[in-house]
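Welcome! Let us take a walk through this structure together, one part at a time.

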Amino acid sequence: MKDPECDFSSIPEFPRRIAAQVERDLVRISSTVTSVHESVDGTVKMLIKLQDGHEVETVIIDHTSRRDDESTDEDDGKHANGRLTLCVSSQIGCRMACKFCATGTLGLSGNLMAGEIVEQLWHASQVRKGISNIVFMGMGEPLENYDNVIAAIRAFSDVYRFHIAPSCITVSTVGVTSNIYKLMEDCPSVHLALSLHAPNQAIREQIVPTAKSWHMDELMRAVDYYNTNQKYKGKKQGRIMIEYVVIRDLNDSEECAHELGQLLQARKCMVNLIPFNPFDGNSFREPSQDVLDKMLTIVSSYGVITIKRKHHGRDIAGACGQLAKISKDIEDMDGTCGVNIEPSNLSIIQTPPSVNPLFLLTPIPLYLALVLVHRFTR
Ligand code: SAH
């Protein structure tokens, strides 16, 4: 990482007898950046082509100079200034098929390998230095690609590589409960976000098909377990972010807000009310600001920390949930991918023909694991 151009044979720990072969047969980085677009609000989305031709997006959310009155991260509703957050994809598409999510319309084409997840950070750090936080809120269900996600988290947090504290990494899940417990064992300081989206089982089943597999009671048991057993030491210890995409006339009633408040009042969590972000082919509608405000007031009245996102375009999770029609949209320059970026607000800041140069991972075993990627093995 320090000297990406350096020769393998100049790395003291690198076995000399394989240096030439590694140089000849393996690549230093397996994916390429197809395009990079920046919104006026500082959000940067990058389209990344994997070695087998599939494409995923990764999104950088720049909180460093933000002065609006919303929080987009799991703080207590205070400014998230100073953070540069990367929203990474963990799968190509998604098979969870949440009815409000554009990625869900794609189905699943495959899992990303650990190296491909890590490479998103590497590519992003060529565009913005100092990425401080990672959220697994891009394409895919991270807890369905468990081993690769864990390996990527380890690479992100390794002091010899990216050195991002596990407490600055958030894994968002639709509720793969068995792996929530596992995650707590394997990465005890990583934060968890749960995409709940409803205050009860009946409404959840209408919009989250997998709710039938992971029942509300089961989810709340996992939340309770996390509340009491998460190992991160700090004021956010054991606190889960509850994501709630608010959809007009579906889950935005005052009754829903009361029910949500009651469900969560004895639990350690922070509710993030996310106005539904419309996309072509979907008939759900976004809620009015008044309704959002009312929901926020009601849920907060139960003593539950609650925040809302005002602008879709400045909203990392909304952005990530919408990563679907990516390459076509970007070519057309009208792709919102969940970030409401008007064509006039977009500027192509970089479109390299290919990015294939650098050492991604310094420790040799991990490096080998990364580069020993087999073509078309998904
Ligand atoms: N599969 C994981 C990670 C994907 S990110 C999960 O379900 O948590 C999923 C998040 O994207 C949702 O929680 C929501 O915050 C956001 N999202 C998806 N579709 C959206 C939409 N149409 N409008 C706003 N937010 C959306």
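The paragraphs below look at a strand and its partners, and then at a pair of helices.

Please keep in mind that this is a predicted model.

Now look at the strands beside S4. Strand S3, made of residues 55–62, runs antiparallel to S4, and four bridges join the two. To find this pairing in the model, go to Asp 62, which stands opposite Leu 84 in S4. S4 also pairs with strand S7, residues 133–136, this time in the parallel sense and over three bridges. Here Cys 87 is the residue to look for, as it stands opposite Val 135 in S7.

Next, turn to the helices. Helix H3 spans residues 146–157 and helix H4 spans residues 177–186; their axes come within 12 Å and cross at roughly 25°. Because angles under 35 degrees count as roughly parallel, H3 and H4 are therefore described as roughly parallel to each other. The crossing of H3 past H4 is right-handed.

Which residues make the contact? From H3 come Tyr 146, Ile 150, Ile 153 and Arg 154, and from H4 come Asn 179, Lys 182, Leu 183 and Asp 186. Sorted by class, this contact of H3 with H4 holds four nonpolar residues, one polar residue and three charged residues.

Conventions. Residues are numbered from 1 along each chain as its sequence is written. This is a predicted model: local features need pLDDT of at least 70, side-chain atom pairs count only at pLDDT 80 or more; totals for chains, interfaces and linings use all residues. Side-chain values use heavy atoms; hydrogens and water are left out. Two strands pair if DSSP finds at least two bridges between them. Axes are lines fitted to C-alpha atoms, for helices over the stretch in contact, and angles run from 0 to 180 degrees between N-to-C directions. Angles under 35 degrees count as roughly parallel, over 145 as roughly antiparallel, 65 to 115 as roughly perpendicular and the rest as oblique. A crossing is left-handed if the near helix is turned anticlockwise from the far one by less than a right angle, and right-handed if clockwise. Contact means heavy atoms within 4.5 Å. Ala, Val, Leu, Ile, Met, Phe, Trp, Tyr, Cys and Pro count as nonpolar, Asp, Glu, Lys and Arg as charged, and the others, Gly among them, as polar.
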